[in-house]
Amino acid sequence: MPQEPTVTPAAPEGDDYLERRTLRRGSAGWVLLTGLGVAYVVSGDYSGWNFGLAEGGFGGLAIAMVLMGAMYACMVFALAELSSILPTAGGGYGFARRALGPWGGFLTGTAILIEYVLAPAAIVIFIGDYVESLGLFGLESGWPMYLVCFAIFLGIHLWGVGEALRFSFVVTGIAVVALVVFALAALPDFSLASLDDIPVDSSAAGSSSWLPFGLLGIWAAFPFGMWFFLGVEGVPLAAEETKDPARTLPKAIRWSMGILVVLAVVTFFAAAGARGSAAIQEAGNPLVEALQPNGKATTLSRIVNYAGLAGLVASFFSLIYAGSRQLFALSRAGYLPRFLSLTSRRKAPYLGLLVPGTIGFLLAAVSGNGARMLNIAVFGATISYALMSLSHIVLRRREPELPRPYRTPGGILTSSVALVLACAALVATFLVDVTAALIALVVYAVAVGYFGLYSRKRLVAKAPEEEFAALAAAEAELARD
C-alpha cells in the first residue's frame with residue numbers, strides 16, 4: 001500500500017490532549033511481560049485445540065500445529081524487531097501504519113481489535129462451563145456468571161497496570177505448573193497406539209491411520225493448531241508501560257514463544273497418548289478426560305480441572321488488557337472516537353476497558369456460542385498476522401537504514417514464511433466455520449466504512465504512531481529533493 005500523509009485533524013487538539021491519554025510508564029519488566037505472553041495463550045492448552053483432532057486426526061493436527069507454530073515463531077521474531085523500532089501501545093497498528101500507511105494501520109488495528117474483543121467473550125463462556133462442571137457453590141453458567149467475571153477483572157485492570165500484570169503472572173504460573181503435573185500424571189498411561197485411533201475416512205484423499213481425514217484435514221486443522229499460540233503477538237501492546245521497551249519487548253516475546261512451544265508439545269502428546277485421540281476429540285475439558293479413563297474423577301483430575309479454570313481466567317484477564325491497549329492507541333490517533341482513549345488518575349484507559357468489556361459481556365450473554373466467537377477471533381487474528389508480516393518486509397526493503405536495536409534472524413525470509421502461512425490459515429477458517437468468517441467480514445466492512453467516510457480525515461498528528469509515520473514521510477521527501 002502506498003504511504004499516505006497524515007491528515008490534519010478537523011479540530012486542533014489542545015496542549016493537554018496527550019496528557020489526558022497517558023499510560024503508566026515503566027510498570028513492567030521482561031519477566032512480567034513474558035508471563036503476559038504466556039497468559040494470553042495458556043487457556044488454549046486446556047481446551048479448544050482438541051477439536052482439531054475431529055478435523056485432521058492426530059497426524060493432521062500435529063502437522064497443523066508444527067506449521068502454525070512455525071508461523072508464530074517467524075512472526076514473533078519479526079514483531080520483536082518492529083517493537084524495538086516503534087515501542088508504542090499501538091503494537092501491530094503502529095507497525096503497519098509506518099509501513100503501509102493509514103489504511104494499512106487501520107486494517108491491522110481493527111483485525112487485532114476483533115480478535116481481542118471476541119476472544120474474552122468466548123472464554124468467559126468457557127469459564128462459566130468450568131465453574132458449573134466443578135459444582136462450585138452450586139453456580140451455573142449464564143449471564144450472571146459472565147457479568148461477575150467481567151466486573152471483577154475489569155475492576156483489577158482499572159486499579160492499575162502493575163497490579164493487573166502481577167495478578168496475571170500468579171494465575172498463569174498456577175496454570176503452567178498444573179500442565180506439568182498433568183503431563184507427569186498422564187505419562188504412565190501413554191501409548192503410541194492411542195494416538196491414531198480415530199476411524200479412517202477411506203474416501204478422503206491421502207487418508208491413513210495418521211491422517212484419517214486425508215490431506216485436506218491438515219489444512220482444516222490449522223485454526224486449532226493456532227490455539228496453542230493464539231494471542232502471544234499481544235506482548236508489544238504493553239510497550240508504553242514497559243521498562244526499556246527496545247530491549248525488554250524482544251526478550252519477552254522470544255521467551256514467551258519458547259515456553260509456549262514446550263507446553264504445546266507436552267500437552268498435545270500427553271493428552272492424546274494417555275486416553276486416545278478419539279476419546280478427547282470432542283471433549284470440552286480434554287486434559288481432565290485424559291486422566292479419567294473410566295469416567296471417574298480422581299484427585300489429579302480435579303487438580304487439573306481447577307487449573308484449567310485458572311488458565312481460562314489468565315487468558316481472559318490478559319486478553320482484556322490487550323484489547324484495551326489496542327483500542328486506546330487507535331482512539332488516541334483518531335481512527336476511532338477520541339474519547340475512548342481518555343485515561344484515569346491511575347493512568348488506566350477506563351473507557352478502553354469498559355466499552356469492549358460491555359460488548360464482550362453482551363455477546364456472551366446473547367449468543368452463548370463460545371466456539372463460534374473464537375472462530376471469528378481467529379479470522380481477525382490471521383488478517384492481522386498477514387499485515388504485520390507484510391509490514392516487516394516493507395520496512396526492511398524501503399527503510400533498510402532505520403535503527404533496529406533488534407534484528408529478526410533470517411530477515412525478510414522469516415517474515416515471508418509467516419505471511420504465506422497466515423494467508424493459508426485465513427483461508428482455512430472458511431473450511432471450519434463459514435458463518436463465523438462471514439460475520440467477521442461484515443464487522444470488518446462496517447469498520448472500514450467508518451474509517452473511509454469519517455475518521456480518515458480526522459487523524460491526530462501528534463499521536464506517537466502518526467508522528468513516527470510523518471517523520472518517515474518527511475525524510476523521504478528530503479531524500480527526493
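I sorted the lining of the second largest pocket by residue type: 12 nonpolar, eight polar and two charged. For this I count Ala, Val, Leu, Ile, Met, Phe, Trp, Tyr, Cys and Pro as nonpolar, Asp, Glu, Lys and Arg as charged, and the others, Gly among them, as polar. I note that this is a predicted model, where local features need pLDDT of at least 70, side-chain atom pairs count only at pLDDT 80 or more, and totals for chains, interfaces and linings use all residues. Residues are numbered from 1 along each chain as its sequence is written, and side-chain values use heavy atoms, with hydrogens and water left out.

**Entry: terms**

I work on a 1 Å grid over the protein atoms alone. A cavity is a set of points where a 1.4 Å probe fits but cannot get out. A pocket is an open set with protein on both sides within 12 Å along at least five of seven lines. Lining residues have an atom within 4 Å of a point. Points are joined across faces, edges and corners, and a volume is the space filled by probe spheres set on them. Helices (H or I, at least four residues) are DSSP runs, numbered from the N terminus.

**Entry: second largest pocket**

I read a volume of about 370 Å³ for the second largest pocket. Its lining has 22 residues, and Ser47, Gly48, Phe126, Leu312 and Leu374 are the closest to its centre. I find two or more lining residues from each of α1 (30-41), α2 (43-46), α4 and α13. Helix α4 gives the largest share, seven residues.

**Entry: largest pocket**

I then turned to the largest pocket, with about 550 Å³ of space. Here 21 residues form the lining, and those closest to the centre are Leu113, Ile114, Val117, Ile359 and Val443. Two or more residues come from each of α4 (92-134), α13 (299-332), α14 (350-367) and α17 (434-453). Again α4 has the largest share, this time six residues. I count 20 nonpolar residues in this lining, one polar and no charged.

**Entry: cavities**

How many cavities of 30 Å³ or more are there? I get two.

The largest cavity holds about 80 Å³. Among the residues lining it I list Tyr116, Val117, Phe150, Ile320 and Pro356. At least two lining residues come from each of α4, α5 (143-159), α13 and α14. Helix α14 supplies the largest share, four residues. By type I find eight nonpolar, four polar and no charged.

The second largest cavity has a volume of about 40 Å³. Its lining includes Gly91, Tyr116, Glu233, Pro236 and Met388. The largest share, three residues, is from α4. This lining divides into five nonpolar, three polar and one charged.

**Entry: His392**

I looked up His392 and found it in helix α15 (residues 370-398). Is His392 buried or exposed? His392 is buried (under 20% relative accessible area; exposed is over 50%, partly exposed in between; 1.4 Å probe, protein chains only), and its own value is 0%.

Which residues does His392 touch, leaving out those up to four places away in sequence? I list Ala78, Glu81, Leu82, Thr408, Gly411, Ile412 and Ser415. Contact here means heavy atoms within 4.5 Å. I also noted Leu79: 313 residues from His392 in sequence, yet 7.8 Å apart in space, C-alpha to C-alpha.
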